[in-house]
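Good morning, everyone. Please take a look at the model on the screen.

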Amino acid sequence: MKKILLLSDTHSFIDDQILKFVKQADEVWHAGDIGDLHVTDMIKDVKPLRAVYGNIDDNKARAEFPLDNRFLVEGVSVWITHIGGYPNKYNQRVREELNRNPPKLFICGHSHILKVQYDKRLNLLHLNPGAAGKHGFHKVRTMLRFEIDKGEIKNMEIIELANRS
């Protein structure tokens, strides 16, 4: 079993509130718009990290992290990308591959809108953790926490950090 903390859109911001949840996870996944790499460096100092770069990320982030990260955890196929869209409205860049080879778990960031949605057509769970940083239009900073165990995704929790100030 793996306890996963999923966050996105930190936009160079990390604080003790985020790090408290990082410490409780087995792995941390970041769905892009990292901003300054001190964010991912601080996470990596505490727990294993899987991440992708987002549209605001510079060449340093793009050199360290991929645009798409596909992997298998506890029998669950995962695809993380920053700009992926939503069920029935997937981004054109990923749509063909999603239809041809859908993962069980498709994760995006970018919108700053927390969303957990099942795609019946592709038989996958779509996750967007919202935004954990302070930059953007969102009112509440959010993340997701869940477990992956023997092919099952379970115990999904929404984490509301604080109002964005």
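Let's begin at Thr40. Thr40 sits in helix α2. Helices here are DSSP runs of H or I with at least four residues, strands are runs of E with at least two, and both are numbered from the N terminus. Is Thr40 buried or exposed? Thr40 is buried, with a relative accessible area of 0%. Buried means under 20% relative accessible area, exposed means over 50%, and partly exposed is in between, with a 1.4 Å probe and protein chains only. What does Thr40 touch, leaving aside neighbours within four places in sequence? Thr40 is in contact with Ile34, Leu49 and Phe65. Contact means heavy atoms within 4.5 Å.

A word on the source. This is a predicted model, where local features need pLDDT of at least 70, side-chain atom pairs count only at pLDDT 80 or more, and totals for chains, interfaces and linings use all residues. Residues are numbered from 1 along each chain as its sequence is written, and side-chain values use heavy atoms, with hydrogens and water left out.

Now the whole chain. How many helices and strands does the chain have? There are 4 helices and 12 strands. The radius of gyration is 14 Å, close to the 15 Å that the globule rule gives for 165 residues, so the chain is as compact as a globular protein of that length. That radius is taken over C-alpha atoms, and the rule is 2.2 Å times the number of residues to the power 0.38. The C-alpha trace spans about 40 × 30 × 30 Å along its principal axes. Of the 165 residues, 51% count as buried. Take the contacts between residues at least 6 apart in sequence: 51% of them join residues at least 24 apart.

Next, the inside. A nonpolar core is a set of buried Ala, Val, Leu, Ile, Met, Phe, Trp, Tyr and Cys residues joined through side-chain atoms within 4.5 Å. The largest one has 22 residues, and Leu5, Ile18, Val28, Ile43 and Met143 touch the most other members. Which elements give two or more residues to this core? They are β1 (2-7), α1 (16-24), α2 (38-44), β3 (49-51) and β12 (152-163). Helix α1 gives the largest share, 4 residues. Apart from this core lies another, of 17 residues, among them Val76, Ile80, Leu105 and Ile107.

Look at Met143 again. Leaving aside neighbours within four places in sequence, its contacts include Leu5, Ile18, Phe21, Leu114 and Ile159.

Now two loop residues. Most residues other than glycine have a negative phi. Ser12 is not a glycine, yet its phi is positive, about 75°. Ser12 lies in the loop between β1 and α1. Ser12 is partly exposed, with a relative accessible area of 33%. Asp33 also has a positive phi, near 55°, and is a residue other than glycine. Where is Asp33? Asp33 is in the loop between β2 (27-30) and α2. Asp33 is buried, at 3% relative accessible area.

Last stop, Glu97. Glu97 lies in helix α4 (residues 92-100). Glu97 is partly exposed, with a relative accessible area of 24%. Not counting residues up to four places away in sequence, Glu97 touches Arg70, Trp79 and Pro102. Glu97 and Arg50 are 47 residues apart in sequence, and 21 Å apart in space, C-alpha to C-alpha.

That is my tour. Thank you.
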